[in-house]
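Open the model in a viewer and keep the sequence at hand. The stops below go from one selection to the next.

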Amino acid sequence: MKLDSGTANAVHVRTLLILGASGDLTGRLLLPGLARLIASGRAPGITLAGAGAPGYSPELWGERVKTVCDAAMTGATDAGKAALGQITANTSYTELDVTAPGELARLVGSLEGPVALYFALPPAVSQRACEVLEPGELPESTLLVMEKPFGSNEESARELNRTLIRLVPEQNIHRVDHFLGKGTVFNILGLRFANRLLEPLFTAEHVAKIEIFYDEELALEGRAGYYDRAGALRDMIQSHLLQVLGLLTMNAPATLYERDVRDHLGSVLRATALAGTPQDSTRRARYTAGTSKGRAVPDYASESGVDAHARTETLAEVTLNIKNSRWAGVPFILRAGKALGRMRKEAIVTFRPVSHLPTGFKGTDEPTKLRIGFGPDTLELDLDVNGPGDLYTLDRVTLGAELNSPDLLPYGEVLLGVLSGDPTLSVRGDTAEECWRIVDPILAAWAANEVPIEEYAAGGNGPTGWETNCTLPPAQARA
Ligand SMILES: NC(=O)C1=CN([C@@H]2O[C@H](COP(=O)(O)OP(=O)(O)OC[C@H]3O[C@@H](n4cnc5c(N)ncnc54)[C@H](OP(=O)(O)O)[C@@H]3O)[C@@H](O)[C@H]2O)C=CC1
Ligand SMILES: O=C1O[C@H](COP(=O)(O)O)[C@@H](O)[C@H](O)[C@H]1O
């Protein structure tokens, strides 16, 4: 989905320059997302350029681009096929140390503008590259596209924002969160605000709790260099899951234009904080050796590149509150983890019981639940009904729908926004800082080892007691 208007001073990018051309993100997610976007015919006239450190070459880049573009030919429109051919034929590669003063600005100046500068680099390198750029060195129409993690705490995110804003206006800074490009994530807005049945019910009066789970079967997958410094809280909760929470809880925007959407998202995240102390509102764990889908998974601490003493969590759970009149008192439980036995990527809205259940019903009165699945993309509503079998007995039914997969990959959706200069699907600077403000107290308490780190076997369901007993501050657990 893409709006054609509503973005002030929208820039229409002519060249996408990917820094980190040889990297994992570029090969696995960015280029396939871009190729599918181009195949759809929605990015006409774009030129692709790559740049990277010594050791890579124009030939390897050309092959990398050709492979993904060839794969995207299947299912491409005629215009898309022609555009994919153009991309392959015209792409260029430049060897470059992005942290060397002057080099990056010179390269940008040699390309047809406006240029979107995609930093697919290790975060510290991206930050250094921006620090060495001088104000006025980049054409003002340049877009800076930053990957996560955006800083490593509130203060460093502020510092990075100050660095970027010296170079281009905020409107031209895209902080990528690919969850905002996922069909079912953005669809939360349609689900909430286009259905009379749901729109009035998303309040503390009707909702008992909201859980957002991202339990992955994937383990470390050779990413120790990044993941061991990040951990599950920084990797998933600070970024992706807080954006999902924002969409589930924000007030209705007047329009889907970027200003309205991002103002409302920012506002609700500004009201969000840890529900209690880190000790009673968070828990963390790390996986030990186990078996997942018949595959032996080694102990996390023994993986190459992992600092066994760093106590990096591979499973994290936090309970948050939103301090506004719509949500006061409702617990929001966010959990993300690796090497779990059951993939579970969903948000569950649990509604409060009815104010009076007519006397005479038998069976169990269970809460109404709305489940939004983020992979596979599903929508389910768990309801109590009577009738099947005994007329007076309540039974559970689930109304379910499998949602069509969007034609673009999440990175394609994000790139569509970047290329048309629409930052709706990227995280605004103040919101990026707010997300760190929410998790900083947890990071501090965990660093001081004030919350014990538990263990779970890879391929299992997490530490004993986690599945059924989410962390709630005692007062809320009793409510
Ligand atoms: N990989 C993933 O699944 C995801 C990654 N991200 C984010 O994307 C970013 C990149 O991650 P990822 O692709 O995994 O990292 P990689 O280490 O795979 O790639 C980094 C790239 O940066 C290049 N590079 C490093 N230093 C320099 C330099 N001084 N000048 C020019 N190029 C340089 C590397 O070149 P060389 O190899 O020659 O050193 C390499 O091409 C990170 O911010 C990460 O958090 C976000 C979501 C998912
Ligand atoms: O950004 C990240 O996201 C992925 C999960 O996203 P998905 O779209 O691939 O399901 C996660 O595995 C990774 O650790 C994290 O860096």
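The model is a predicted one. C435 takes part in no disulfide, and the nearest cysteine sulfur, which belongs to C130, lies 20 Å away. Searching the whole structure gives 0 disulfides. Select C69 next; this cysteine is also buried, with a relative accessible area of 3%.

**Helices α1 and α2**

Stay with C69, which is one of the α2 residues in the contact with α1. Show helix α1 (residues 24–39) and helix α2 (residues 58–73) together: their axes come within 9 Å and cross at roughly 50 degrees. The crossing of the two helices is right-handed. To see the contact, display T26, G27, L31, P32, A35, R36 and A39 on α1, and W61, R64, V68, C69 and A72 on α2. By class, these residues are 8 nonpolar, 2 polar and 2 charged.

**Helices α7 and α8**

Move to helix α7 (residues 183–193) and helix α8 (residues 224–249). How do their axes cross? They come within 9 Å and cross at roughly 10 degrees. The angle is under 35 degrees, so α7 and α8 are roughly parallel to each other. The contact uses V185, F186, I188, L189 and R192 from α7, and V244, L247, L248 and T249 from α8. Sorted by class, the contact of α7 with α8 has 7 nonpolar, 1 polar and 1 charged residues.

**Backbone exceptions**

Most peptide bonds are trans, and most residues other than glycine have a negative phi.

- P114 sits in the loop between α4 (103–110) and β4 (115–119).
- P376 is in the loop between β16 (369–374) and β17 (377–386).
- A339 belongs to the loop between β13 (332–337) and β14 (344–351). A339 is buried, with 1% relative accessible area.
- N449 lies in the loop between α12 (429–447) and β19 (453–457), and at 37% relative accessibility N449 counts as partly exposed.

Terms used: Residues numbered from 1 in each chain as written. Chains lettered and ligands numbered in written order. Predicted model: local features only at pLDDT ≥ 70, side-chain atom pairs only at ≥ 80, totals over all residues. Heavy atoms only, no water. Axes fitted to C-alpha atoms, helices over the stretch in contact; angles between N-to-C directions. Helix = DSSP H or I, 4+ residues; strand = E, 2+ residues; numbered from the N terminus. Left-handed = near helix turned anticlockwise from the far one by under 90°. Contact = heavy atoms within 4.5 Å. Nonpolar A, V, L, I, M, F, W, Y, C, P; charged D, E, K, R; others polar. Disulfide = S-S within 2.5 Å. Buried < 20%, exposed > 50% of the residue type's maximum accessible area, 1.4 Å probe, protein only. Parallel < 35°, antiparallel > 145°, perpendicular 65-115°, else oblique.
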